[in-house]
Amino acid sequence: MEIFGSNQTEFNHPAQNPTHSSAFIFFHKKTSKMSGSSNLVAMKKVVQQLRFEASINRVKVSQAAADLQQFCMQNALQDPLLTGVSSSTNPFRPQKVCSFL
Amino acid sequence: MRSPLIPEMATQEVQLNETLVHLKTESETLKSKLEEERAKLHDVELHQVAEKVEGLGQFVMKTRRTLKGHGNKVLCMDWCKDKRRIVSSSQDGKVIVWDAFTTNKEHAVTMPCTWVMACAYAPSGCAVACGGLDNKCSVYPLSLDKNENLAAKKKSVAMHTNYLSACSFTNSDMQILTSSGDGTCALWDVESGQLLQSFHGHAADVLCLDLAPSETGNTFVSGGCDKKANVWDMRSGQCIQSFETHESDINSVRYYPSGDAFASGSDDATCRLYDLRADREVAIYSKESIIFGVSSVDFSLSGRLLFAGYNDYTINVWDVLKGTRVSILFGHENRVSTLRVSPDGTAFCTGSWDHTLRIWA
């Protein structure tokens with residue numbers, strides 16, 4: 001497993017849970033830098049990858065969107081969270097019942 | 001100005017620089033060509049196509065179960081295929097297996113490290129995998145004997161050079177896919193611990209991954225701190241598609257149920273939908289009032305609803321087709337860190353920094 005540059009992860013152990021206003025990162029996610037010596041090899045790989053990605057077949061968004069929509073419609077009735085399955089059939093909805101065996 | 005002692009070295013250095021410049025130019029040209037090709041097919045927006053679709057009514061979703069028992073932040077959870085068991089992992093190193101119907105704890109393991117950021121249930125239901133700051137992914141077979149010490153049977157499968165951020169079994173108990181802070185993903189054989197394939201391409205920590213629905217073939221998507229979501233071929237190790245439209249770390253990725261698209265959640269407070277056949281982002285789920293990062297996303301069974309957990313303690317439910325928010329759910333008392341819809345789609349579970357898990361339906 002190669003490490004991309006130095007990728008030390010420092011983390012802060014928060015003494016308390018973070019407050020609503022402080023959006024601090026709970027551990028430091030560093031962006032790594034490419035190691036200098038293999039710049040050429042790395043660039044060649046980037047170009048190769050871009051050539052590959054440029055060559056794939058794509059469909060129009062209108063077609064792709066229509067297909068996504070069709071899938072939703074076709075499966076809508078089988079989606080319990082969408083249709084709101086009644087309490088009798090959803091195992092999570094009824095309250096816990098204690099029964100004597 | 002240096003004057004090299006050997007003239008050939010000077011020529012070689014010049015050639016090297018020329019080639020590098022040439023490659024850089026080619027990469028820029030290819031990038032613009034890629035943008036051009038993608039733009040050509042951008043003839044309409046998803047929500048425009050969905051204008052004629054009936055709007056969704058009011059949703060009444062409440063917490064139906066609260067799972068209490070973790071001593072610190074819940075970081076990850078996964079459902080068992082039996083639709084009732086759940087495995088969860090926490091900052092304090094504990095991994096717990098619950099029966100979500102009864103809220104009973106069935107198993108508990110203490111890991112040798114803190115911040116167990118990843119956990120997954122095996123398809124058979126007979127084992128769980130977990131890992132975190134120990135840089136490893138370990139598999140624990142679940143025993144029916146409550147007295148048996150699970151830790152004794154632990155098997156170390158994956159070894160990364162930085163923290164484990166996510167793990168998932170493939171179609172069987174035999175292979176595990178992992179992602180790591182070391183910038184790579186990897187596929188491992190559980191029995192031997194052998195590395196089967198590694199996936200290089202992210203320029204920073206990889207934070208999440210999701211396997212394509214089995215009918216769609218051997219691919220998976222990963223998201224990272226480099227703001228990229230990459231789609232990979234599991235057999236060749238090649239990155240087949242890459243998307244970079246988020247403005248910050250991607251914390252969660254999840255395939256649309258048909259396998260033709262995937263959603264992502266990011267620290268930039270948005271969720272986005274990327275269509276694989278159109279090869280572009282087709283929807284953004286955001287509101288000006290939502291300013292906190294998204295930690296986790298998942299679809300309902302039909303793909304019409306997208307559930308997203310946020311760092312502002314809430315869950316927003318989005319209409320995937322229309323791009324609008326249909327519901328906002330309150331209940332957790334700290335960040336929502338993980339969210340998964342149950343295998344039969346009857347409920348979804350969230351884990352939070354408030355030490356609890358909640359089942360919503």
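Me: How many residues of chain B are in contact with chain A?
Reply: This is a predicted model, and the counts come from its atoms. Chain A and chain B bury about 6800 Å² between them, 66% of it on carbon and sulfur atoms. Chain A contributes 63 residues to the contact, and on the side of chain B the number is 99.

Me: Which helix gives the most to the side of chain A that touches chain B?
Reply: Helices α1 (39-54), α2 (61-75) and α3 (80-83) of chain A each supply at least two residues of that side. The residues there divide into 34 nonpolar, 17 polar and 12 charged. With 13 residues, the helix that gives the most is α2(A).

Me: Which residue of chain B forms a salt bridge with A:D67, and why does the pair join two chains?
Reply: A:D67 lies in helix α2 of chain A and its partner in the loop between β20 and β21 of chain B, so the pair joins two chains. A:D67 is partly exposed, because its relative accessibility is 23%. The closest N and O atoms are 2.3 Å apart, and the partner is B:R277.

Me: What radius of gyration does chain B have?
Reply: The C-alpha trace of chain B spans about 75 × 55 × 40 Å along its principal axes. A compact globule of 361 residues would have a radius of gyration near 21 Å. The value for chain B agrees with this, at 22 Å.

Me: What percentage of the residues in chain B are buried?
Reply: Chain B has two helices and 28 strands. Of its contacts with a separation of 6 or more, 44% are between residues 24 or more positions apart. Among the 361 residues of chain B, the buried part is 59%.

Me: How far apart in sequence are the parts tied together by B:R340 and B:D78?
Reply: These two form a salt bridge with the closest N and O atoms 3.7 Å apart, and both belong to a network of salt bridges that also links B:D210, B:R254 and B:D298. B:D78 is buried, because its relative accessibility is 10%, whereas B:R340 is partly exposed at 23%. B:R340 is in strand β26 (residues 336-341) and B:D78 in strand β2 (residues 74-79), so the distance along the sequence is 262 residues.

Me: Is B:D279 buried or exposed?
Reply: Most residues other than glycine have a negative phi. B:D279 has a positive phi, near 60°, and is found in the loop between β20 (271-275) and β21 (280-285) of chain B. Its relative accessibility is 2%, so B:D279 counts as buried.

Me: What is the phi of B:T103?
Reply: B:T103 lies in the loop between β4 (94-99) and β5 (104-110) of chain B. At 21% relative accessibility, B:T103 counts as partly exposed. Although B:T103 is not a glycine, its phi is positive, at about 65°.

Technical notes: Residues are numbered from 1 along each chain as its sequence is written. Chains are lettered from A and ligands numbered from 1 in the order in which they are written. This is a predicted model: local features need pLDDT of at least 70, side-chain atom pairs count only at pLDDT 80 or more; totals for chains, interfaces and linings use all residues. Side-chain values use heavy atoms; hydrogens and water are left out. Contact means heavy atoms within 4.5 Å. Buried area is the accessible area (1.4 Å probe) that two parts lose on being put together, summed over both. Helices (H or I, at least four residues) and strands (E, at least two) are DSSP runs, numbered from the N terminus. Ala, Val, Leu, Ile, Met, Phe, Trp, Tyr, Cys and Pro count as nonpolar, Asp, Glu, Lys and Arg as charged, and the others, Gly among them, as polar. The radius of gyration is taken over C-alpha atoms; the globule rule is 2.2 Å times the number of residues to the power 0.38. Buried means under 20% relative accessible area, exposed over 50%, partly exposed in between (1.4 Å probe, protein chains only). A salt bridge is a side-chain nitrogen of Lys or Arg within 4 Å of a carboxyl oxygen of Asp or Glu.
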